[in-house]
Amino acid sequence: MAVDERWVVFVRVADRSGTLTALSECFSTRGVSFEAFSTLDVHGGEGHMAITFRASRRLAEVLVRTLGRFTAVRGVRLERAGDPRVRATAAVEGVEVTSADGVVTLSVWSGVTLLAGSLDAVERAVDTARGAGATAVSLTVLPPLG
């Protein structure tokens, strides 16, 4: 596979100081930048994070094995970003986005449209909204189904 293959790693961690720094350092020391980083849920002493990045399959698997050895890490799951089970939500302000191409418009309120669907479909909708003049965008990757 290509070196620039796009991945999302979902990490479940203990909610304690230094965890985010350790995760960042794991990627940084291997020369891998985050495309996106989302803190998903912190509850009951655990946090859930989604990190989107580009790397070869081999390097992605090395990152997963390394993350899995951290004492603060409770679980790691690697998925291709293009897998339709990898879902996302986005809030777009300034333009109205209608449901299309696998994206569902969940609500429109006070100039903000909330979208949901696969990561690829939501990113396409966001790109279209930006091209139409969206003034603010927030995108969050959700854990895959199944």
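Let's start where two helices touch: Leu23, Cys26 and Phe27 in α1 meet Leu63, Thr66 and Leu67 in α2, where contact means heavy atoms within 4.5 Å. Of the residues in this contact, 5 are nonpolar, 1 is polar and none is charged. Helices here are DSSP runs of H or I with at least four residues, and strands are runs of E with at least two, numbered from the N terminus.

The axes of α1 (residues 19-28) and α2 (residues 57-68) come within 10 Å and cross at roughly 150°. That makes α1 roughly antiparallel to α2 (angles over 145 degrees count as such).

## About the model

This is a predicted model, in which local features need pLDDT of at least 70 and side-chain atom pairs count only at pLDDT 80 or more, while totals for chains, interfaces and linings use all residues. Residues are numbered from 1 along each chain as its sequence is written, and side-chain values use heavy atoms, leaving out hydrogens and water.

## The nonpolar cores

Now look at the largest nonpolar core, which has 20 residues. A nonpolar core is a set of buried Ala, Val, Leu, Ile, Met, Phe, Trp, Tyr and Cys residues joined through side-chain atoms within 4.5 Å; buried means under 20% relative accessible area, exposed over 50%, and partly exposed in between (1.4 Å probe, protein chains only). Among the members touching the most others are Val8, Leu119 and Val141. Helix α3 gives the most to this core, with 6 residues.

Apart from this core lies another, of 17 residues, including Val13 and Ile51.

Note on methods: Axes fitted to C-alpha atoms, helices over the stretch in contact; angles between N-to-C directions. Parallel < 35°, antiparallel > 145°, perpendicular 65-115°, else oblique. Nonpolar A, V, L, I, M, F, W, Y, C, P; charged D, E, K, R; others polar.
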